[in-house]
Amino acid sequence: MLVEIVVAIILGCLMGVITGLTPGLHINLVSLILLSISPVLLGYTNVLAVASFIISMSITHTFTDFISATYLGAPSDDTAMAVMPAHRLLLQGMGHEAIRLATIGSLLCLIATVAMSPILIFIVPIIFNSLKNYVGWLLLALVIFMILREQNLDKKFWAFGIVILSGILGIIVLSMPNLKDPLLPMLSGLFGVSVLLLSLAQKVKLPPQKVTEHVKVGMKDKIKSIGSGVFSGSLVSIFPGLGPAQAAVLASQIVGEINTFSYLIMVGGINTVSMILSLITLFTIEKARNGSIIVVQQLLKNIDMNTLILFLSVALIAGGIATFLTMYISRIFSKIMNKVNYSLLSIVIIIFVCFMVFYFSGFIGLLILAVATAIGLLPNIVNVSRSNSMACLLVPIILMSLL
Amino acid sequence: MKETILLKIALICSLVGLVALFFISQRIELKDYKPDFLNKNIGESVNLSGKISKITAGNNVVFIELSQQVPVSVVVFTDKNVNLNENDFVEISGKIQSYNGKEEIIADKIKVVS
């Protein structure tokens, strides 16, 4: 069994690299395909190996998806909030530094969460039962706070407008029947294509990408980032409807002023923590908050303490391997980025995103992409925070929770 | 944090995970989903998932053949209409029984997954 699981971990890590680097290819899709072919797979291997494959793929994905978000400007729902700061560093020739910071966040938050798992096993059910009815109010307060924190009345007005527009877009898109992968066109438009179009319009020239280690984050800031990463990642796993992007908004409001570097560490950790916590919630409250972990639940039903420890071990191994893979691939990307014309690359990426959107969501997806891109341009034009556009996910969840 | 330190932590993380995996895998009894598990667990409860390859309805009983490496027989005793079709992916929980020398699962719960 051990050998089968180790092989599954290695294969899962490799698949996590593919899903992380390919915009639009989500781990949930791969997990569902695995579930559908599991009757055949289980004829050749055991169910724990299949589950280990899914877990290691999911963990690796939370590391590698920052590469496509940073270098290609193609965010998923997990990395939407990291695109802007990572892109800023890319425009300073520090793309690799951005990846390094996010990887530090992912790995340290992974270790911290596994280390804290004996405590989390006890407190997760208590927190879940005490606060499960207040998610809507919590998010509503967050949206109001996001608007009010803008500097002057003019900007507050524009922030409100962007929240309303993004919120309406989110409600329409998420309630569309038969629309596959609704988040892909919406988030790609709001946070990806719009950013690339602005780069094209401003004739941004990408400076030479250097593999440096200039950025140093103080121990205090690092602890603050890891702590808030673990805290907000936990919220994602405990509360239904709360995603990594919303948690990042929430965490950035809670921790207050932190610099771009600390922010990237925090955002890097949130997705990894939410994946680990999903395993813990599966054990404690028999609920999985994550698509790929739901597939694990479908395969195994409920897990006992030994299986949880096995999965946490799998996550640790996968996290270590993912760190090596991410840093290695990021170096390759840095070299490639020095050789390509950034404007041309931006156009190629926009075309690729359009193709992926058309493939997964059809013509209606392209329409959503166009509208989302238009809304995504607004924060830059009126000079307000782009995080206001996350209302596209926050508003539908608020309405769903409160109405 | 320098990259070399990060990679060292990653290496330690993987090694700790491997050691933990080695010890915990000794303690886990593999609930194998292969058909030969039927011979070892008569009378025990099992959970099984798979695709329905064949379904036959009788009087208050439904016979299901679940697609595995070797097909698994599942029997459902019910007085209600069962809305199941071939190619449905189902989760079954029930007990293993021996009938005429052949093992089959007497299902007490069936859920259509897709």
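This is a predicted model: local features need pLDDT of at least 70, side-chain atom pairs count only at pLDDT 80 or more; totals for chains, interfaces and linings use all residues.

Student: How do the strands pair up? Take S4(B) and S5(B).

Tutor: Those two pair in the antiparallel sense, over ten bridges. S4(B) covers residues 89–99 and S5(B) covers residues 102–112. One pair to look at is B:Ser98, which stands opposite B:Glu103 in S5(B).

Student: How many residues sit between them in the hairpin?

Tutor: Two residues. B:Asn100 is in that turn, and its phi is positive, about 50°.

Student: What about strand S1 of chain B, which one does it join?

Tutor: S1(B), residues 45–57, is joined to S4(B) by seven bridges, and the two run antiparallel. There you'll find B:Gly50 opposite B:Val90 in S4(B).

Student: How much of the contact in chain B is between residues 24 or more positions apart?

Tutor: They account for 47% of the contacts with a separation of 6 or more.

Student: Switching to chain A. What does helix H7 look like?

Tutor: H7(A) runs over residues 135–148, so 14 residues by the DSSP run. From first C-alpha to last it reaches 20 Å, close to the 20 Å expected at 1.5 Å a residue.

Student: Which of its residues are buried?

Tutor: A:Val135, A:Gly136, A:Leu139, A:Leu142, A:Val143, A:Met146 and A:Ile147. Looking down the axis of H7(A), these buried residues fall within an arc of 135°, so they line one face of the helix.

Student: And what's exposed on the other side?

Tutor: A:Trp137 and A:Leu148 are exposed there.

Student: Last topic, then. How much area do chain B and chain A bury between them?

Tutor: About 3400 Å², with 70% of it on carbon and sulfur atoms. Within the area that chain B buries against chain A, B:Met1, B:Glu3 and B:Leu21 supply 20%, more than any other three residues.

Student: How many residues does the contact take from each chain?

Tutor: It takes 33 residues from chain B and 43 residues from chain A.

How values were computed. Residues are numbered from 1 along each chain as its sequence is written. Chains are lettered from A and ligands numbered from 1 in the order in which they are written. Side-chain values use heavy atoms; hydrogens and water are left out. Contact means heavy atoms within 4.5 Å. Two strands pair if DSSP finds at least two bridges between them. Helices (H or I, at least four residues) and strands (E, at least two) are DSSP runs, numbered from the N terminus. The expected span of a helix is 1.5 Å times one less than its number of residues. Buried means under 20% relative accessible area, exposed over 50%, partly exposed in between (1.4 Å probe, protein chains only). The arc is that of the directions from the helix axis to the C-beta atoms. Buried area is the accessible area (1.4 Å probe) that two parts lose on being put together, summed over both.
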